[in-house]
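Here is a briefing on one protein model and its ligands. Look over the sequence and structure first.

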Amino acid sequence: MATGFVWHELYGWHDTGTYNGLIAPSATVQPWQHFESAESKTRFASLVEVSGLSEHLTRIAPVIATEEDILRVHTREHLERIQRESATVKGGDAGDGTSPFAGGAYDIATLAAGGAIAAARAVMNGEVRNAYALIRPPGHHARPSTGMGFCIFANAAIAIKSLRAEVGIGRIATVDWDVHHGNGTQEIFYNDPDTLTISIHQDGLFPANSGHLRDRGEGAGDGYAMNVPLPGGSGNGAYVETIERVVVPALRRFKPELIVVPSGFDASAADPLGRQMVTPTGYRAMTKLLMDVADEVCDGRIVMTHEGGYSPFYVPYCGLAVLEEMSGHKTAIDDPITPGWDELPGQECTEHQRAIIESVIAAHSL
Ligand code: 3YP
Ligand code: ZN
């Protein structure tokens, strides 16, 4: 069965402006662009096109998330502030002062959340087996009352809640492999035993003081949040071992009806914001493992929602590898960078990385 793909021209128009990476321009270093510029994502979309892979994917049109969809997750104050700032010529900020947006962002942010909804809907109604929503702005840091970390609305969480309202789906698991902690998704479902949130991230990277191994959900949700804070320097070995030894057993035990993957490619070896070493080989292997367990527990239903990833030249190859695996179609594109990086000594899982994986296994009795 087919693999769905969401992309929209407008995602490339979300404008985070002139920046010096993370700080507003000053008269010191020549102004450049915000990390979360369109580049890595538009180039991913371009590679899907020029590789010919798009011919083998089912194009899914995003919908516009309604106020009702947004309000299942966010406060009315947050929604209205974004609407207000978006309606000004100068634009605004998602909430933390480092997540700027130009005027008009509300329309793109609701189309991003709607891209996640459309992808999840297509998977749930059987139109496609799995789907990748290449959406922008990202979502996994957005909290109920504020955006943060370049995220305006919590795309994956909104899709989960909208689909639940639509088709009454029960257990859903999220597997977030973005290099940063998926704090927003975790917080939104922290008390919910029907939503298992798993985040694999670089220990202590962002947000500060978030994504600890000991953070595991609350009340009825106790045990239904899982964090794997891998040390900086982790590569394909540690990531694949995490999926094999933590994620797959957790999914077998939880038996979700749908798996949602907030998918950032900032754990890649080329990322300017992360210090991990994953290559397309690792992303391909992780995708395969998730597809196999999805076949076992939920008829293969996986929806990926795009998050971070800031290498304009490497994100496209990482994304193509995931989409090739999801669709079972290998293109003729030959990634010239990866063979060398796959051979770096740091790709094997080290003892100190394995120790973290084993503490997660112990903490969650996997
Ligand atoms: C937000 C401010 C510093 C790090 C940055 C993280 C954005 C991201 O890729 N989140 O997944
Ligand atoms: Zn990230």
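Pro100 touches His14, Asp15, Thr16, Tyr19, His34, Gly92 and Asp93, leaving aside residues up to four places away in sequence; contact means heavy atoms within 4.5 Å. The model is predicted: local features need pLDDT of at least 70, side-chain atom pairs count only at pLDDT 80 or more, and totals for chains, interfaces and linings use all residues. Residues are numbered from 1 along each chain as its sequence is written, chains are lettered from A and ligands numbered from 1 in the order in which they are written, and side-chain values use heavy atoms, without hydrogens and water.

**Pro100**
- Pro100 sits in strand β6 (residues 100-101); strands are DSSP runs of E, at least two residues, and helices runs of H or I, at least four, numbered from the N terminus.
- Its relative accessible area is 14%, so Pro100 is buried (under 20%, 1.4 Å probe, protein chains only).

**Zinc ion (ligand 2)**
- Asp178 (OD), Asp178 (OD), His180 (ND1) and Asp266 (OD) are the protein donors, 2.0 to 2.7 Å from the zinc ion.
- Donors are N, O and S atoms within 2.8 Å of the metal (3.2 Å for Na, K and Ca); water is not among the atoms, so sites may look incomplete.
- Along the chain the donors follow the spacing D-x1-H-x85-D.
- His180 lies in the loop between β8 (172-176) and α6 (183-188), and Asp266 in the loop between β11 (258-263) and α8 (280-298), 86 residues apart.
- Both His180 and Asp266 are buried.

**Ligand 1**
- A polar side-chain atom of Asp178 lies 2.8 Å from an oxygen atom of ligand 1 (polar contact: a pair of N or O atoms within 3.5 Å).
- For Asp266, the corresponding distance is 3.0 Å.

Note on methods. Buried < 20%, exposed > 50% of the residue type's maximum accessible area, 1.4 Å probe, protein only. Polar contact = N/O pair within 3.5 Å; in protein donor to acceptor, adjacent residues only side chain to side chain.
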